[in-house]
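This report goes through a protein model part by part. Look at the structure first, then read the sections in order.

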Amino acid sequence: MNKTLVTTWTVRDICKGFTFSKAEGKGLFGLNGKLTIQPEYQRNYIYDKGGKDVDVIRSLMVGYPLGLLYFVKTGEDKYEVLDGQQRITSFGRFVNTTYPFSVPDEEGNPRYFDSLSPDMQQKILDTEMVVYVCEGDPSEIDKWFKTVNIKGEPLNDQERLNASYHGPFVTAARRVFSNSLNANMNKWLTYIKGDPKRQDVLKAALEWVSHGNIQQYMSQHRNDTSIAELQNHFESVIDWIGGLFDYTDSEVRGLPWGEYYDKYHETAYDRTAINNRVKELMQDPYVNNRRNIFAYVLGGETEPQLLDVRVFDEGVKRRVYEVQTEKAKNENISNCPLCAIGPEANAKKIWKITEMDADHVTAWSHGGATDASNCQMLCKTHNRAKGNR
């Protein structure tokens with residue numbers, strides 16, 4: 001791949017004709033329409049999160065270099081940003097007052113570009129950029145993109161896949177699932193954890209439709225212009241969740257809803273009963289893992305281990321063991337109630353506390369409490385055999 005070092009472009013030059021899409025969260029064009037700032041294989045603009053956009057402007061104000069930029073030459077006097085789109089979008093938004101944001105001054109007062117002194121405006125606009133212009137075939141460009149993106153804000157898995165499989169399918173999918181202004185986004189983020197700009201919603205949609213084989217699915221559909229299958233499956237999962245469960249607090253966010261849908265969406269549920277049960281379990285003080293309540297009730301409440309039900313603490317076990325053992329010695333029987341009524345070999349055996357486990361007399365799943373009144377100590381063999389009965 002050929003590389004040409006260019007040092008004559010200034011912030012002023014790059015900001016000519018700068019446009020930014022609020023809907024898609026990305027810078028579009030610069031250099032008077034000659035530069036595509038965010039090609040489809042690039043991530044959304046994220047420097048407005050956490051103040052990195054302000055850091056870029058402060059660097060320009062004090063004369064610090066912004067670092068090397070990489071452009072790809074795509075035609076006669078036409079370029080794409082390979083690396084540096086976050087920095088370019090930041091100063092483009094600041095300089096172009098159509099997309100304003102402020103930088104606090106020394107007193108903490110917000111300063112917009114048009115409120116800066118003329119000499120400071122001139123200093124920012126005249127800052128020269130250091131740019132490598134690269135030319136090569138698509139495979140070389142793709143490899144170079146992955147190399148230069150090792151530094152800076154690291155790409156997450158879905159962003160890397162978007163880069164590897166960029167094309168009409170990714171373009172259309174990002175327009176729907178990476179758009180933070182999508183009218184459905186708040187509803188979707190009830191069940192999906194993350195930031196649409198970091199492709200977390202798109203990742204969930206792809207996971208659900210591909211049953212976890214995202215890379216294979218993206219490879220198969222890379223050149224598709226329609227994302228109908230992706231949208232239809234995603235909306236089916238979302239509608240199924242919302243149609244079944246009333247609960248929308250934080251416990252539902254980020255659950256493997258695609259897996260639940262695949263496994264259970266053809267099962268008939270009593271909506272009133274299942275929502276009452278969810279509410280009851282959410283209020284149960286013995287349930288440690290509330291996020292698994294949904295898998296538990298969907299599966300017919302056959303796996304109480306999902307809920308990580310609170311076990312008896314050491315103090316309770318010690319007290320029950322002492323009472324149970326003293327009574328057993330007085331009656332000349334085993335301190336394991338099941339051994340005491342079993343074969344003669346262990347019928348009078350006094351087990352050490354380390355050889356016993358605490359057991360719910362009435363199983364928690366059958367309404368038994370996790371307290372001393374519902375605790376008995378069993379030898380480990382009988383406790384394992386008793387299970388959830």
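## A loop residue, Arg 291

Not counting residues up to four places away in sequence, Arg 291 touches Ser 250, Glu 251, Arg 253, Gly 254 and Leu 255. The model is a predicted one. Arg 291 sits in the loop between helix 13 and helix 14.

Is Arg 291 buried, exposed or partly exposed? Its relative accessible area is 33%, and buried means under 20% while exposed means over 50%, so Arg 291 is partly exposed. From Arg 291 to Leu 82 the C-alpha distance is 41 Å, and the two residues are 209 apart in sequence.

## The largest nonpolar core

The largest nonpolar core has 53 residues, and Phe 177, Leu 230 and Trp 257 are the ones that touch the most other members. At least two residues of this core come from each of helix 7 (168-177), helix 8 (185-188), helix 9 (200-210), helix 10 (214-221), helix 11 (228-244), helix 12 (257-264), helix 13 (271-282) and helix 14 (293-298). Another core lies apart from this one; it has 37 residues, among them Val 6, Ile 57, Val 103 and Val 133.

Which residues does Phe 177 contact, leaving aside its neighbours within four places in sequence? They are Met 185, Trp 188, Pro 196, Val 201, Leu 202, Ala 205, Ile 227, Leu 230, Gln 231 and Phe 234.

## Helix 11 and two of its partners

Helix 7 and helix 11 have axes that come within 10 Å and cross at roughly 30 degrees. Angles under 35 degrees count as roughly parallel, so helix 7 and helix 11 are roughly parallel to each other. The crossing of helix 7 with helix 11 is right-handed. On the helix 7 side the contact is made by Phe 169, Ala 173, Val 176 and Phe 177, and on the helix 11 side by Leu 230, Gln 231 and Phe 234. Six residues of this contact are nonpolar, one is polar and none is charged.

How do helix 9 and helix 11 cross? Their axes come within 9 Å, at an angle of roughly 90 degrees. Angles of 65 to 115 degrees count as roughly perpendicular, and so helix 9 is roughly perpendicular to helix 11. From helix 9, Val 201, Leu 202, Ala 205, Leu 206, Trp 208 and Val 209 take part, meeting Glu 229, Leu 230, His 233, Phe 234, Val 237 and Ile 238 of helix 11. The contact of helix 9 with helix 11 contains 10 nonpolar residues, one polar and one charged.

## Helix 3 and Phe 94

Phe 94 is part of helix 3. With a relative accessible area of 1%, Phe 94 is buried, because buried means under 20%. Leaving aside neighbours within four places in sequence, Phe 94 is in contact with Ile 57, Met 61, Tyr 99, Phe 101, Val 103, Arg 111, Tyr 112, Phe 113, Leu 116 and Ile 124. Phe 94 and Leu 125 are 31 residues apart in sequence, and their C-alpha atoms are 11 Å apart in space.

## Helix 2 against helix 4

Helix 2 (residues 52-62) packs with helix 4 (residues 118-125) at an angle of about 105 degrees, and their axes are 8 Å apart. Helix 2 and helix 4 are therefore roughly perpendicular to each other. In this contact Leu 60, Met 61 and Val 62 of helix 2 meet Met 120, Lys 123 and Ile 124 of helix 4. Five residues of the contact of helix 2 with helix 4 are nonpolar, none is polar and one is charged.

## Two residues with positive phi

Glu 301 is not a glycine, yet its phi is positive, at about 60 degrees. Glu 301 lies in the loop between helix 14 and helix 15 (314-331). At 28% relative accessibility, Glu 301 is partly exposed.

Asn 332 also is not a glycine and has a positive phi of about 60 degrees. The loop between helix 15 and helix 16 (337-340) holds Asn 332. Its relative accessibility is 47%, so Asn 332 counts as partly exposed.

Terms used: Residues numbered from 1 in each chain as written. Predicted model: local features only at pLDDT ≥ 70, side-chain atom pairs only at ≥ 80, totals over all residues. Heavy atoms only, no water. Core = buried A, V, L, I, M, F, W, Y, C linked by side-chain atoms within 4.5 Å. Buried < 20%, exposed > 50% of the residue type's maximum accessible area, 1.4 Å probe, protein only. Helix = DSSP H or I, 4+ residues; strand = E, 2+ residues; numbered from the N terminus. Contact = heavy atoms within 4.5 Å. Axes fitted to C-alpha atoms, helices over the stretch in contact; angles between N-to-C directions. Parallel < 35°, antiparallel > 145°, perpendicular 65-115°, else oblique. Left-handed = near helix turned anticlockwise from the far one by under 90°. Nonpolar A, V, L, I, M, F, W, Y, C, P; charged D, E, K, R; others polar.
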